[in-house]
Amino acid sequence: MKQHLIVEVFRSSKHDGMYLYVEKSIGLKKIPEELMARFGKGISAMTMLLTNESKLARATPENVTKGIREKGFYLQLPPVKDEYLLDLYKTPTQAVY
């Protein structure tokens with residue numbers, strides 16, 4: 001089944017890499033208050049025609065469409081940091097000679 005949806009993508013003002021996909025005609029009106037409190041101010045990143053053939057960086061068009069149809073939005077979380085990168089913050093930063 002062909003599905004076309006005009007979506008607006010908002011990036012979070014509080015979290016790098018966090019995005020909300022919503023139906024353009026509805027916007028952020030139906031987003032739960034708790035989510036908006038965590039997400040921060042939605043900064044419009046782009047508007048696009050979403051089809052099953054759309055190429056998205058870290059989501060599938062099917063998942064985005066399903067989320068918007070069922071909940072009114074699709075939330076894309078930032079990528080998980082690699083464990084070894086987290087270890088960089090645990091190591092002492094002072095040089096020892």
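**View 1. How many bridges join strand 1 and strand 2, and in which sense do they pair?** The two strands run antiparallel and share five bridges; strands count as paired if DSSP finds at least two bridges between them. Strand 1 covers residues 5-12, and strand 2 covers residues 19-23. Helices (H or I, at least four residues) and strands (E, at least two) are DSSP runs, numbered from the N terminus. Look for Val7, which sits opposite Glu23 of strand 2. Six residues lie between the strands in this hairpin, and there Gly17 has a positive phi near 85°.

View 2. Residues are numbered from 1 along each chain as its sequence is written, and side-chain values use heavy atoms, with hydrogens and water left out. The predictor's confidence in each residue, pLDDT, goes from 0 to 100. The protein averages 85, and 79% of its residues score at least 70. Strand 2 comes out highest, at 96, and helix 3 (residues 83-90) lowest, with a mean of 55. Where pLDDT is low, the predicted coordinates should not be read in detail.

View 3. Ring centres of Phe, Tyr and Trp (its six-membered ring) must lie within 6.5 Å to pair; planes under 30 degrees apart are stacked, over 60 edge-to-face, the rest tilted. Tyr21 and Tyr74 have ring centres 5.7 Å apart and planes at 70°, so they meet edge-to-face. They're 53 residues apart in the chain, with Tyr21 in strand 2 and Tyr74 in strand 4 (residues 74-76). Those two strands pair antiparallel over three bridges, and Tyr74 is also the bridge partner of Tyr21. Tyr21 counts as buried at 7% relative accessibility, and so does Tyr74 at 17%; buried means under 20% relative accessible area, exposed over 50%, partly exposed in between (1.4 Å probe, protein chains only).

**View 4. Inside the largest nonpolar core.** Such a core is a set of buried Ala, Val, Leu, Ile, Met, Phe, Trp, Tyr and Cys residues joined through side-chain atoms within 4.5 Å. The largest one has eleven residues, including Val7, Tyr21, Val64 and Tyr74. Strand 1 gives the most, with three residues. Another core, of eight residues, lies apart from it and includes Phe10 and Phe73.

How values were computed. This is a predicted model: local features need pLDDT of at least 70, side-chain atom pairs count only at pLDDT 80 or more; totals for chains, interfaces and linings use all residues.
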